[in-house]
Amino acid sequence: MDDCDEGPAEAAARITGRGVGATHRHSDLLAEVRLDDGRSVMVKRADAPDAVRAEAAGLRWLADSATVRVPLVHGDDPRWLVTELVATGRPTTHSAHRFGRDLAALHASGAPEFGAPPPGGPVDAYIGLAPMRNIPGDNWPRWYAEQRVLPYLRTAVDGGVVLPAESADVERVCERLPELAGPAEPPARLHGDLWHGNVVWGREGTAWLIDPAAHGGHRETDLAMLSLFGCPFLDGVLDGYRAAAPLADGWEERVGLHQLFPLLVHAVLFGRGFAEQAVAVARTALAR
């Protein structure tokens, strides 16, 4: 069978070497597949070049830190990723606090440089369906402006989603990042796309992280992403995090700076509403 004609069951059988049973499709790209040894696996297809390679490398890099829980990678190829299936449950205040501690430990496990890709991961990676280049740098404000904010700002302007006058405000924020970014921090090992949909609460209450856009970055970025779209028991997560690794003074005022990149990504993908949020964040930062 040609790989282009494969479904998730056939891909799971080929990659794991096991017989397969029932298949439950979540979408055209995602399915649960039952193996003949009783395990169920999650099977994901990605057609963009190196998307599977980026995700698999990110999952392994997060797992190598021995901190947060991530699904085991059973196997992958250029189009298909087969991982452990997480049995879902409900979060609690205790599990949220523990997740915060574990996330602090993940960040502390570090990265070689800002923008460093996971070992074996490609330079041209993804955040969700959007491209994201992992070009290393040693200065966070300059790297964040040049490799995260400005590329998506240009795309948003070219697409007519952000107006030129609004673009100037975001550019001024990038110019002022050295003074706005707070104390210098070492590169942290980031999940990179840590919105609440990528936090799966397991049956035992433990938080599992899926779908990473992993790279070396600033630890406040993951926390800002958690707050952007909300997260169950977020206050408990932050309390657990700060108990394990206190944040630098003024971190709450910097949340918007760290949300500029994901807001611009969403503006490019989903339109004007997110562009308006990004511009509002920029203007708030400029008023400080």
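Let's start with Arg18 and Asp37, whose side chains meet in a salt bridge at 4.0 Å, N to O. The two sit in separate parts of the chain: Arg18 is in the loop between H1 and strand S1 (20-25), while Asp37 is in the loop between S2 and S3, 19 residues apart. A salt bridge here is a side-chain nitrogen of Lys or Arg within 4 Å of a carboxyl oxygen of Asp or Glu. Helices (H or I, at least four residues) and strands (E, at least two) are DSSP runs, numbered from the N terminus.

Before going on, note that this is a predicted model, in which local features need pLDDT of at least 70 and side-chain atom pairs count only at pLDDT 80 or more, while totals for chains, interfaces and linings use all residues. Residues are numbered from 1 along each chain as its sequence is written, and side-chain values use heavy atoms, with hydrogens and water left out.

**Salt bridges**

How many salt bridges does a search of the whole structure find? The count is 23. Three of them are set out here.

| Pair | N to O distance |
|---|---|
| Arg18 and Asp37 | 4.0 Å |
| Asp77 and Arg14 | 2.6 Å |
| Arg69 and Glu204 | 3.8 Å |

Take the salt bridge between Asp77 and Arg14. Asp77 lies in the loop between strand S4 (73-76) and S5, and Arg14 lies in helix H1 (residues 8-16), so the pair ties together parts that are 63 residues apart in sequence. Asp77 is buried, with a relative accessible area of 14%, whereas Arg14 is partly exposed at 39%. For these words, buried means under 20% relative accessible area, exposed means over 50%, and partly exposed is in between (1.4 Å probe, protein chains only).

Then there's the salt bridge between Arg69 and Glu204. This pair also links distant parts of the chain: Arg69 is in the loop between H2 and S4, Glu204 is in the loop between S9 and S10, and 135 residues separate them. Salt bridges that share partners also join Arg18, Asp36, Asp37 and Arg39 into one network. Arg18 is partly exposed at 34%, and Asp37 is partly exposed at 35%.

**A buried arginine**

A polar atom of the Arg189 side chain lies 2.9 Å from the backbone oxygen of Trp61, and a polar contact of 3.2 Å joins the side chains of Arg189 and Ser109.

**Pocket and cavity**

On a 1 Å grid over the protein atoms alone, a cavity is a set of points where a 1.4 Å probe fits but cannot get out, and a pocket is an open set with protein on both sides within 12 Å along at least five of seven lines; lining residues have an atom within 4 Å of a point. Grid points are joined across faces, edges and corners, and a volume is the space filled by probe spheres set on the points.

The largest pocket holds about 1,200 Å³ of space. Its lining has 48 residues, with Lys44, Glu55, Gly128, Asn198 and Asp211 nearest the centre. H8 gives the most to that lining, five residues.

The structure has one cavity of 30 Å³ or more, and the largest cavity holds about 100 Å³. Of the 14 residues lining the largest cavity, Arg148, Gly192, His215, Thr221 and Phe261 lie nearest its centre. Here H4 gives the most, with four residues.

**Positive phi**

Asp50, in the loop between S3 and H2, has a positive phi of about 65 degrees although it is not a glycine.

Key
Polar contact = N/O pair within 3.5 Å; in protein donor to acceptor, adjacent residues only side chain to side chain.
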